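Have a look at the model first, then read on.

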Amino acid sequence: MTTVEAFVPAKVNLTLHVTGQRDDGYHTLDSLAMFADIGDRMTITMPGDYKLTVEGPMAEGVPGDESNLVLRAARMMRINADIRLEKHLPNAAGLGGGSGDAAATLRVLSGFSGKPVPGDGIELGADVPLCLQSEAARVTGIGDTVTPVPNLPPLHAVLVNPRLPVLTAEVFKRLKHKVNRPMPDEIPAFDTPAELIAWLRGMRNDLQEPAIEAEPVIRQVFETLEKTPGCQLARMSGSGGTCFGIYKDAETAGSAAGRLQESFPSWWVQATRLNGPYRSA
């Protein structure tokens, strides 16, 4: 019997440009993503009984049955395992939590068995190919093309979620313009965080306004983050409803997180450092 522990870092979309829609209905994207030093934790024991136990501070509402991507990933690998998922990331939050958990499952079971991961995992979810790499990358297509972007300077951020799941399908339904400009062909090299932040200000998340239309509280989260002292950029991650603020250093980010936790005790608030890789399995 073998037990493996894995850390599953939160994914943060610094940009998310929706560039089109294919005939099969899938939207094409162009996104720059980084990974945080906070996330879920998993303990996988093999061989096992093909069982998933979900616990932890954010476990409420997370399914423990076959609808969970973790069990679907184990089924894809054809390996029975007892899996304990300790949820620290909000559910349906635009942080790639479910996809990251599935990707970690694929990696662990592949390493244990020697079997390669079938394909790139895209059939489990659009973020799975990115989460399999768990390092800063540009993601294009429907999420199936992942190009690492090495040497990005680390960023100090605060992640805020109003503890309200946001369904990606509902957000895309409200997207009025399906074809938008991608990012520039080349992402420049950045010597400092300030240079990266200045560049990011010229980019977008095309799902931000549709997500606010679906769940208006996201606007409050976004505007509250913008007003925190030292916030240099605020934006939504993924399809929501987590927003992030970027700050010049860890101390400023920590101070902003403390203020937000005090003012909005019902919100999920975390100071973090963005960049990676943080993969432990």
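1. Let's start with a residue inside. This is a predicted model, and in it L106 touches A73, M76, M77, V117, L124, V128 and L132, leaving aside residues up to four places away in sequence.

2. Away from that spot there is another core, of 30 residues, with V12, I38, L152 and F190 among them.

3. Back to the largest nonpolar core, which has 34 residues; M42, I44, I83, L106, L109, L124 and L130 are the members that touch the most others. At least two residues each come from β1 (2-13), β3 (27-46), α1 (69-77), β5 (82-86), α2 (97-113), α3 (128-133) and β6 (137-141). The top contributor is α1, with seven residues. As a general point, nonpolar side chains tend to be buried together in soluble globular proteins.

4. Which residues of helix α5 (193-200) are buried? They are L196, I197, W199 and L200. Looking down the axis of α5, these fall within an arc of 160 degrees, so they line one face of the helix. That buried set packs against β3, β8 (155-161), β9 (233-236) and β10 (243-247).

5. Now the charges: the structure holds 14 salt bridges. One of them pairs R138 with D30, with the closest N and O atoms 2.8 Å apart. R138 sits in strand β6 and D30 in strand β3, 108 residues apart, so to speak a link between distant parts of the chain. Both partners, R138 and D30, are buried.

6. The side chain of K87 meets that of D40 in a salt bridge, at 2.6 Å from N to O. Since D40 is in strand β3 and K87 in the loop between β5 and α2, the pair ties together parts 47 residues apart in sequence. D40 and K87 are both buried. K87 also forms a salt bridge with D101, where the closest N and O atoms are 3.4 Å apart. D101 lies in helix α2, 14 residues from K87, and D101 is buried too. Elsewhere on the list, salt bridges with shared partners join E170, K173, R174, K176 and E213 into one network.

7. Finally, the overall picture. The protein has eight helices and eleven strands, and 54% of its 281 residues count as buried. For 281 residues a compact globule would have a radius of gyration near 19 Å, and the 18 Å found here agrees. Among contacts between residues at least 6 apart in sequence, 74% join residues at least 24 apart. The accessible surface comes to about 12,300 Å², 49% of it belonging to carbon and sulfur atoms.

Technical notes. Residues numbered from 1 in each chain as written. Predicted model: local features only at pLDDT ≥ 70, side-chain atom pairs only at ≥ 80, totals over all residues. Heavy atoms only, no water. Core = buried A, V, L, I, M, F, W, Y, C linked by side-chain atoms within 4.5 Å. Buried < 20%, exposed > 50% of the residue type's maximum accessible area, 1.4 Å probe, protein only. Helix = DSSP H or I, 4+ residues; strand = E, 2+ residues; numbered from the N terminus. Contact = heavy atoms within 4.5 Å. Arc of directions from axis to C-beta. Rg over C-alpha atoms; globule rule 2.2 N^0.38 Å. Areas by Shrake-Rupley, 256 points an atom, 1.4 Å probe, with all protein chains shown as cover. Salt bridge = Lys/Arg side-chain N within 4 Å of Asp/Glu carboxyl O.
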